[in-house]
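Student: Hi! Could you walk me through this one with me? I'd like to ask things as they come up.

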Amino acid sequence: MAAASARPEIRHDWTTEEVEALLALPLLELIGRANAVHRRHHDPAALQKASLLSIKTGGCPEDCAYCPQSAHHRQVDLTRDRLMEPDKVVALATGAKAAGADRFCMGAAWREVRDGAEFDAVVDMVRGVRSLGMEACVTLGMLQPHQAQRLAEAGLTAYNHNLDTGPDFYTEIVTTRSYEDRLETLRTVRTAGIELCCGGIIGMGETPRDRAALLQVLAGLAPHPESVPINALVAVPGTPLAERPPVDPLELVRMVAAARIAMPEAVVRLSAGRSALSREAQILCMVAGANSIFYGDTLLTTPNAPPGEDAALLEALAPAH
Ligand code: SAM
Ligand code: DTB
Ligand code: SF4
């Protein structure tokens, strides 16, 4: 009990109703509270730049409605690609480091990891990225304990595995795996001693309650995920969610703020959808607690904020006189 009362802001017992009430606060009250939490737990001037690379693109057997890489969405204009060579990946990571990134995230369009030459190659990529002195994160789908162990031994910093949305809405978005499958992989990652990167997407047609339910589940994990990516849906033509209207940037600000309050110590990442935001909307997300962005011209398969615009954003945040 003593430990808990010493850190009263770190809670694992948030209810969905409480988070829903946070999301519904008057905007300036919500941002103000989130900013206060942020400043107590983080350097407000620090912004982590992470670089993202699709190491294996498309042809995924899962049917995630938002995802251009699902083999179920045949109308999507996407070129499938085999797993990249580790040397090529490490060369790209070297370039990302030179451009200012200190975390390198690698994504594969797999349902799950299978043992064999491809997984061996991913382990080599992790070793190579770590040897550059960068943090390494991978997202490879479901994972078994011995595979998590190998990634941990290679020095993997974090494993990304998103819950995407609340448990009730999840079944409308993915049918080929369950929420429990996701939670099981998250437990496997934790048990291997790897940090968790776990977040979700807004703008898929979910209600505020579904958003609150996602944050309730995330905050219920003990310890909290070290990294929480908040994505706005990138509505890709040919996916079932292609016609979803863009999410109001202020909804993203609210989601970031609620995530910051519910998980004070996590790195909250302003992830997909940033290219649709003005510089000012992005800065509002940072005031509300976002302290990382994906840096570089593409996310996995879709465009990210153009590097020129990001240079202007960084210059606005910390003018180099
Ligand atoms: N296949 C692995 C998996 O799903 O766990 C890893 C790659 S998957 C592309 C990584 C994450 O990207 C997904 O969990 C989802 O949250 C996010 N994502 C994919 N497509 C997106 C889109 N169109 N808009 C926003 N986020 C998206
Ligand atoms: C996350 O939450 N967002 C990133 C990262 N984790 C792997 C992925 C965003 C993907 C956006 C769609 C695309 O570019 O394919
Ligand atoms: Fe496959 Fe991941 Fe895309 Fe789902 S989100 S279709 S698991 S690549």
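Student: Is cysteine 60 buried or exposed?

Tutor: Cysteine 60 counts as buried, because its relative accessibility is 10%. Buried means under 20% relative accessible area, exposed means over 50%, and partly exposed is in between, using a 1.4 Å probe and the protein chains only. Keep in mind that this is a predicted model: local features need pLDDT of at least 70, side-chain atom pairs count only at pLDDT 80 or more, and totals for chains, interfaces and linings use all residues. Residues are numbered from 1 along each chain as its sequence is written, chains are lettered from A and ligands numbered from 1 in the order in which they are written, and side-chain values use heavy atoms, with hydrogens and water left out.

Student: And cysteine 137, buried or exposed?

Tutor: Cysteine 137 counts as buried, at 3% relative accessibility.

Student: New topic. Which residues touch the most other members of the largest nonpolar core?

Tutor: Those are Ile55, Leu140, Leu151 and Tyr159, in a core of 94 residues. A nonpolar core is a set of buried Ala, Val, Leu, Ile, Met, Phe, Trp, Tyr and Cys residues joined through side-chain atoms within 4.5 Å.

Student: Which helix gives the most to this core?

Tutor: Helix α10, residues 249-262, gives the most, with nine residues. Helices (H or I, at least four residues) and strands (E, at least two) are DSSP runs, numbered from the N terminus. Apart from this core lies another one, of nine residues, including Cys197 and Phe294.

Student: Okay, ligands! What is closest to ligand 1?

Tutor: Ligand 1 is surrounded by 18 residues, and the closest are Thr139, Asn162, Asp164, Arg182 and Val234. A residue is near a molecule or strand if one of its heavy atoms lies within 4 Å of it.

Student: Which polar contacts does ligand 1 have?

Tutor: A polar side-chain atom of aspartate 164 is 2.8 Å from an oxygen atom of ligand 1, and a polar backbone atom of valine 234 is 2.9 Å from a nitrogen atom of ligand 1. A polar contact is a pair of N or O atoms within 3.5 Å; within protein, one must be able to donate a hydrogen and the other to accept it, and residues adjacent in sequence count only if both atoms are side-chain atoms. On its own, ligand 1 has 560 Å² of accessible area, and the protein covers 91% of that. Such areas come from the Shrake-Rupley method with a 1.4 Å probe; for residues, only the protein chains shown count as cover.

Student: And which residues are closest to ligand 2?

Tutor: Among its 13 surrounding residues, the closest are Asn162, Asn231, Leu300, Thr301 and Thr302. Polar side-chain atoms of asparagine 162 and of asparagine 231 each have an oxygen atom of ligand 2 at 2.8 Å. The protein buries 88% of the 400 Å² that ligand 2 exposes when taken alone.
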